[in-house]
Amino acid sequence: MATGALTPPAEAATESLLEFPDNFLLIDLCGEYDRNLTTIEDKLGVQILRRGNQLAVIGEDDVRHEATQVLQSLYSRLEAGRTLEPGDLDRELRMGAEPMFDPARDGDQIELFKGETERVEIKTRKKLIEPRTDAQKAYVKSLFANELAFGIGPAGTGKTYLAVAVGVNMLISGHVDKIILSRPAVEAGEKLGYLPGDMKDKVDPYMQPLYDALNDFLPGKQSAKMIEEKVIEIAPLAFMRGRTLSNAFVVLDEAQNATTMQMKMFLTRLGEGSRMVITGDRTQIDLPRGVNSGLWDAERLLKSIDKISFNYFTAKDVVRHPLVAAIIEAYEADDPK
């Protein structure tokens, strides 16, 4: 694979010169109106100049070296025939270049990983998903390695999104027979009153974030067919009572709004051949005053049990708009607790 060759010019100790043989790929690397280069300049504090099929990176030694690694890694990605989207650039800036790792390429033993420095990828029918922070990477690994995993942290950190992606990966690779996505049907600080329609019409608004995540990984018609055939179920938490969930990938989202009894009920649904993921944000509890969150109790009671993993996220792991991380940090700083 022909990657840009690093050649520091003799006349400038603070400049590194990268040469890229394919001008068309170089255009994609730079992005529309050189926006990718501008992003790298802003994030790393370097200056990048285009000179024909070369890029000159100017800056202090450490950030200059990091910028050249990012550019080379992104160019290699394009050489491999893959796209370069804003999320891919964000991932490289957050985590740096890593060797490739795809659990699907390692056969059936997806719990075996080849080292902490390798890149984790999740294949779905519509796109390839890559964790964009170290916490996300550890979380994805734990989803493949453990039958029961918790993802706890603020909004926008990819807890549910990555869990659904892993579920789709395991479904299409034959490791599970179905996906079950659930949420407590709790109003977020509002009283919505009477909702018209049948039961599906009433509960679907609460489940919409799960539909959104699912539609990112499966073609619309295929997703609809799987839901119709019950290969994929999206249902409120209350509908889980009395069931045994076998050979399934099960996700409970917004678990901070499950009561202690609901959480116990849900956790004891785990059947043979299944994997279960519990996600929640302890700062967004919408339960009535005086009602304990089942997520708090589960964390307290289960943390010492082997083969149950707990993964935590912070505002630094937010992968939505950069303002979301700043908003979360502002609220956390103002929290008297």
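Helices α3 and α4 are oblique to each other in this predicted model. Two packed helices are described by the angle between their axes and the distance between the axes. For α3, residues 61-79, and α4, residues 86-95, the angle is about 140 degrees and the axes lie 10 Å apart. An angle over 145 degrees would count as roughly antiparallel; the angle here is about 140 degrees, and the pair is therefore classed as oblique. The crossing of α3 past α4 is right-handed.

Which residues form this contact? From α3 come Glu-66, Val-70, Ser-73, Leu-74 and Arg-77, and they meet Asp-88, Leu-89, Glu-92 and Leu-93 of α4.

I turn now to the nonpolar cores. The largest of them has 35 residues, and the members that touch the most others are Val-166, Leu-181, Leu-214, Ile-232 and Ile-234. Two or more residues come from each of the helices α5 (134-145), α6 (159-172) and α7 (199-217), and likewise from the strands β8 (178-183), β9 (232-236) and β10 (248-252). Which element gives the most? That is α6, with eight residues.

Leaving aside residues up to four places away in sequence, Leu-214 touches Val-164, Val-168, Leu-181, Ser-223, Ile-227, Ile-232 and Ile-234.

How values were computed
Residues numbered from 1 in each chain as written. Predicted model: local features only at pLDDT ≥ 70, side-chain atom pairs only at ≥ 80, totals over all residues. Heavy atoms only, no water. Core = buried A, V, L, I, M, F, W, Y, C linked by side-chain atoms within 4.5 Å. Buried < 20%, exposed > 50% of the residue type's maximum accessible area, 1.4 Å probe, protein only. Helix = DSSP H or I, 4+ residues; strand = E, 2+ residues; numbered from the N terminus. Contact = heavy atoms within 4.5 Å. Axes fitted to C-alpha atoms, helices over the stretch in contact; angles between N-to-C directions. Parallel < 35°, antiparallel > 145°, perpendicular 65-115°, else oblique. Left-handed = near helix turned anticlockwise from the far one by under 90°.
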